[in-house]
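These are my notebook entries on one structure, written for someone who has not seen it before. I set down what I looked up, in the order in which I looked.

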Amino acid sequence: MNPPPVEVLAARGRLHIFELAPWALAVAVYFLADSYLTVGAQILVTILFALSLDVIVGYAGIVTLGHAAFFGLGAYTAGILAVRGFGEPITGLLLAGLVSGAGGLISGAVILRTRGLTLVMLTLTVMLMLNEVANRAYWLTAGADGLFGFQIWPLFGKFRFDIYGRTAYWYCLAVLFLGWWFVRMLVYSPFGRSLTGIRENTRRMYAVGAPVRRRLVMAYTISAALAGIAGALLAQTTQSVAPSMINLDRSGTVLVMLILGGVGRLYGAFVGVPVFMLAEDTLAKQDPTYWLFWIGVAIVALVLFARGGILGIFDRLLAGTHAWRRL
Amino acid sequence: MGVDLSSLASTAINILLHGVAYAMILYIVTVGLSVTMGLMGFANLAHGVFAMAGGYVLTRSMQHFGVPFELGLVLSFVLVAAGSVVIERMLYRPLYTAGELEQVLLSIGLIFISMAAATFLFGPQTEQLSLPGYLRGSISVGERLFPSYRAFLICASVAVIAVLWVAIDRTSIGAKVRAAVDNTAMAEAIGINTDRLFTLTFALGSGLAGLGGAMGAEILPIHPSYALQYLVIFLMVVSIGGLGSLKGPLVAALVLGIGDTTSKFLIPDLGAFFVYVATVAVLLWRPHGLFGRAWDS
Amino acid sequence: MEAPVNVAVPVLEARQLSKHFGALAVTNNVNFSLALGARHALIGPNGAGKTTFINLLSGTLRPSAGSVFLAGEDVTRCSEAQRVKRGLGRTFQINQLYVGLTVLENVLIAVAERAGIAYRLFRPIWWYRKHVDEAYAHLEQLGIAEDALKPVRELSYGRQRLVEIALALALRPAVLLLDEPAAGVPKGESSIILDVIGALPRDVAVLIIEHDMDIVFRFAQCVTVMVQGVVFAEGIPREISADPRVRSVYLGEQPHG
């Protein structure tokens, strides 16, 4: 075959110029929109959270409404560590990833025996239990009040977390970059391909000898670890953690953001999250009820008419264009 | 010692009755969800919206139109059932063959819309239910008092359930529903119009939800976030009971209702954990629920 | 991964295999064996339980009683995926493909599983040049190489069926179960499938469910007739077609394919 199949596959996975756009944009925001850095950092954190969700929902095809559990697990790990006096950010981050990854591994190993509504229920239940623990274990989590005001040490010993959010912004951007790089690598790896296979036709995966459950647990663990890192980022940059980080609202909202952008593709999170959060910031301020109504309508419309989300719409519009690839 | 025992017994019975009342409401609201999910395989997380609608029908018809309580209950069933047909045709039908993700998202969207609409139409406060005179007050059970309304709830629910079970078991429509739940393709092959059956079942289930929401307005207060707040408990009843089952959700509702009430009474701090632990335990033991159909491999 | 080969022992065996759905015995005390390199056909009227039997052999269904042996080892407790790892491959009566992915990607998934690299995280799939080439070679063998980069859903049904076979072959099975491989394929395209089946490697034992007696004659060395979940008759094709009992069972049956 000319060119050889390996070359064709490799060409599809090569870094495309458009893929640098979000990073260029993020850097531009730093220099041009100085006063929005705090909001910007929150958007970056949420993108990482949505990206982690995409691994399990978009690529593996497992619907979960309880992903906020791992977000919260990571946030609390970082927060508790800082409250106890150890505010080194990177250690907190890594530990958070470890703890939430462990949470993902344990709960995944147990509940991924089931599918469908049962699985959704179990993901919800695990999250609600964690929420309950966060609310009750006062000695550890300060209960419903949450943890706040803890000190995060300067990044690398040099860069203080200032009130303008400058360090926080770069910190979040760097972590998001690493997370994105990792997910990108995962998606094109044999493991990522097998996840896609599981999503596309689970029955077939069994028939080619794939240990489906083991793969799903692995994907779930990775996804949980990333979500935990996102949670830790939020905790560290806002110096606060609360049980409200572990609820259905958060899980559901990030799922909606993902659908808005386009699920099962690397950049769905990058498109859906900013669009949603900026729209929410603008519209919900005017009238929260109005916002809730229209986001509900948008979700229904998306599901009925535009399942690929915003990127899906771009797919259809730019289908002829050579430059546009289904990223 | 003897005195303690009788007071203990009265307390126990009291808690039991509260639990049963709660369970009855849970059942009436969720039985429709169980049947339609078993029938259509559709993950309808927005079922609580219909219960909420029924509650609003009752409170508002009484408040604005002077409708008597009993008629209000009937209205909550009828109006919600009728409204659900429209929603089923327009929104649910296109997604019967869609994946789980789409179905879950549709439900989320509907919940959001319902929350906003309810806030806009009725305001953010919890609805107040003014009971007719004969249902106020309490009756004495043993040494304790039990609210008359809850006693009414239990009796009325039993009546509704009895009618429902007889209807499903004895009528030809009921037989068709059972056949279609068991094996849709087969049912179609023998000439059952499954499309119409789905709509009918959906309407019945939603109507019951509306009735349950209205009847249970005291136990599960009606407010705009109703569908979201009680989403989890409704789903728990259905998944533990088993999809497509008529009796399963009753057992599940009783276990959860009585268990929740009891554990919250005995250990207030950790009481909430009961339902979670019960759910995880049952679903891991029997992923299809207690009375759901078990499939191979 | 190829299963160890012991010439004396049948490569696939069912012993007193039964499957009940409620009171209905869909498979009833079936004894069956497949020899090394066999070309064996399973025929029977509709509803005879042939696909159920294949599902029991492949591990998709758990039996109510009896056991399945693969290369002499009891695999009754093994899951479908485990049996595949031990050398069992199958195709489905209705295509089970990754319709959104390209043909090459489809076969690549199977090759990756077989080669044991499918869990790897840190390199892109095209780094495994050997396996990509292997997947492509399978496509060439089956004559679908020109469709390598097309999404499966864009292929004609006949060519999709070939992808289905490619997926099974990519696993390098010692035993291959083909469930009506030519079913639903338009006459013009089915000859290619028949050629492919004829050209299957000699050391692979093949069990094929078929309705079309032409295919059975052309291909099978041994035929088993199954009726209502029971082995009704077994023998070489000539014997079976001459058997009056078999003819009566088939009276009124239209050949498919």
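**Entry 1: a strand of chain C**

I began with strand β8 (residues 205-209) of chain C, where five of the five residues are buried, so the strand is largely enclosed by the rest of the structure. I count a residue as buried if 20 or more other C-beta atoms lie within 10 Å of its own, as exposed if 12 or fewer do, and as partly exposed in between, with C-beta atoms placed from the backbone. Helices (H or I, at least four residues) and strands (E, at least two) are DSSP runs, numbered from the N terminus.

Before going on I note that this is a predicted model, in which local features need pLDDT of at least 70 and side-chain atom pairs count only at pLDDT 80 or more, while totals for chains, interfaces and linings use all residues. Residues are numbered from 1 along each chain as its sequence is written, and chains are lettered from A and ligands numbered from 1 in the order in which they are written.

Which way do the residues of β8(C) point? I found that C:Ala205, C:Leu207 and C:Ile209 point one way, that C:Val206 and C:Ile208 point the other way, and that all are buried. In a regular strand the side chains alternate between the two faces of the sheet.

I then looked for the partners of β8(C), taking two strands to pair if DSSP finds at least two bridges between them. Strand β3 (residues 39-43) of chain C runs parallel to β8(C) and is joined to it by four bridges, and here C:Ala41 has C:Ile208 as its bridge partner. Strand β7 (residues 175-179) of chain C also pairs with β8(C) in the parallel sense, over five bridges, and C:Val175 has its bridge partner in C:Ala205.

**Entry 2: an open sheet in chain C**

Next I looked up an open sheet of four strands in chain C, which has the order β2-β1-β4-β5 with antiparallel pairing. Its edge strands are β2 (24-34) and β5 (73-74) of chain C, each of which pairs on one side only.

**Entry 3: where chain C meets chain A**

How many residues does each chain bring to the contact? Chain C brings 37 residues and chain A brings 28, where two residues are in contact if their C-beta atoms, placed from the backbone, lie within 7 Å. On the side of chain C that touches chain A, the elements that give two or more residues are α2 (80-85), α3 (103-115) and α4 (129-142) of chain C, and α3(C) gives the most, with eight residues. By class, this side of chain C has 26 nonpolar, two polar and nine charged residues; Ala, Val, Leu, Ile, Met, Phe, Trp, Tyr, Cys and Pro count as nonpolar, Asp, Glu, Lys and Arg as charged, and the others, Gly among them, as polar.

**Entry 4: chain A as a whole**

I recorded 15 helices and two strands in chain A. With 327 residues, a compact globule would have a radius of gyration near 20 Å, and chain A has 20 Å, which agrees; the radius is taken over C-alpha atoms, and the globule rule is 2.2 Å times the number of residues to the power 0.38. The C-alpha atoms of chain A fill a box of roughly 60 × 50 × 45 Å along the principal axes, and buried residues make up 54% of its 327 residues.

**Entry 5: chain B and one of its helices**

Chain B has twelve helices and two strands, which follow the pattern α-α-α-α-β-β-α-α-α-α-α-α-α-α along the sequence. For its 297 residues a compact globule would have a radius of gyration near 19 Å, and chain B, with 19 Å, agrees. Its C-alpha atoms fill a box of roughly 65 × 50 × 35 Å, taken along the principal axes, and 48% of its 297 residues are buried.

Within chain B I checked helix α10 (residues 231-241), where eleven of the eleven residues are buried, so this helix is largely enclosed by the rest of the structure. Among them are B:Phe234, B:Met236 and B:Ser239. After α10(B) comes B:Gly242, whose phi is positive, near 110 degrees.
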